[in-house]
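Please look over the sequence and the structure before turning to the notes.

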Amino acid sequence: MKSITLIVGDENGLRGQDQLDGRKMRKASAPDPIFGSQVRSRRKALKITQEDFGKLVGVHPVTLSRIETGTAPVTERMRIRLDHFLTVLEEDQESCGGAR
């Protein structure tokens with residue numbers, strides 16, 4: 001399993017920041033409906049609302065919706081962030097015997 005190191009910001013996540021870890025954030029790639037649908041299906045399997053997941057990740061629920069429907073571009077950093085939080089939540093759910 002690939003290890004991901006992620007710098008977690010404050011309760012506002014990455015919103016409003018143009019720098020993180022001393023480097024400029026890269027521009028977003030083109031919208032990716034496949035990635036978005038994977039995020040949505042994983043989030044729904046965890047029974048987490050867009051609002052709650054957005055707060056956790058630091059993304060407005062409308063932005064998360066646009067990512068999930070493939071209409072919003074996503075930076076590589078945000079892809080890693082979304083995947084990281086989903087993986088942590090999935091592992092937590094598994095360690096609790098699948099009950100949430």
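The notes below go from the overall layout to the helices, the core and selected residues.

This is a predicted model, in which local features need pLDDT of at least 70 and side-chain atom pairs count only at pLDDT 80 or more, while totals for chains, interfaces and linings use all residues. Residues are numbered from 1 along each chain as its sequence is written, and side-chain values use heavy atoms, with hydrogens and water left out. The protein chain contains 4 helices and 2 strands, and its elements run β-β-α-α-α-α from the N terminus on.

**Overall layout**

- Helices (H or I, at least four residues) and strands (E, at least two) are DSSP runs, numbered from the N terminus.
- Of the 100 residues in the protein chain, 29% are buried; buried means under 20% relative accessible area, exposed over 50%, and partly exposed in between, with a 1.4 Å probe and protein chains only.
- Among contacts in the protein chain with a separation of 6 or more, 74% join residues 24 or more positions apart; a contact means heavy atoms within 4.5 Å.

**Helix α3 and what follows it**

- Helix α3 spans residues 61–68, and Leu64, Ile67 and Glu68 are buried in it.
- These residues lie on the same side of α3, because they cover an arc of only 95 degrees around the axis; the arc is that of the directions from the helix axis to the C-beta atoms.
- The buried residues of α3 pack against α1 (33–45), α2 (50–57) and α4 (76–95).
- Isoleucine 67 is in contact with Asp32, Phe35, Gly36, Ala72, Val74, Met78 and Leu82, leaving aside its neighbours within four places in sequence.
- Glycine 70 follows α3 and has a positive phi, near 75 degrees.

**Helix α4**

- The 20 residues of α4 should span 28 Å at 1.5 Å a residue, and its end C-alpha atoms are 28 Å apart, which agrees; the expected span is 1.5 Å times one less than the number of residues.
- Buried residues of α4 are Met78, Arg79, Arg81, Leu82, Phe85, Leu86, Thr87 and Gln93.
- Helices α1, α2 and α3 are included in what covers the buried residues of α4.
- Glycine 97 follows α4, and its phi is positive, near 80 degrees.

**The largest nonpolar core**

- In soluble globular proteins, nonpolar side chains tend to be buried together.
- A nonpolar core is a set of buried Ala, Val, Leu, Ile, Met, Phe, Trp, Tyr and Cys residues joined through side-chain atoms within 4.5 Å.
- The largest such core has 15 residues, of which Val39, Phe53, Val57, Ile67, Met78 and Leu82 touch the most other members.
- At least two residues of this core come from each of α1, α2, α3 and α4.
- Helix α4 supplies the largest share of this core, 4 residues.

- Arginine 43 is in helix α1 and counts as buried because its relative accessibility is 6%.
- Not counting residues up to four places away in sequence, arginine 43 touches Ile48, Thr49, Gln50, Phe53, Leu64, Glu68 and Leu86.
- Arginine 79 is in helix α4 and counts as buried, with 16% relative accessibility.
- Not counting residues up to four places away in sequence, arginine 79 touches Ser29, Ala30, Asp32, Phe35 and Val74.
- Arginine 79 also lies over the face of phenylalanine 35, at 4.7 Å from the ring centre; a charge sits over a ring if NZ of Lys or CZ of Arg is within 6 Å of the ring centre and within 35 degrees of the ring normal.

**Loop residues**

- Lysine 47 is in the loop between α1 and α2 and is exposed, with a relative accessible area of 70%.
- The phi of lysine 47 is near 60 degrees, a positive value in a residue other than glycine.
- Threonine 69, in the loop between α3 and α4, is partly exposed, with a relative accessible area of 42%.
- Threonine 75 is found in the loop between α3 and α4 and is buried, with a relative accessible area of 17%.
- Threonine 75 and proline 31 are 44 residues apart along the chain, and their C-alpha atoms are separated by 9.6 Å.
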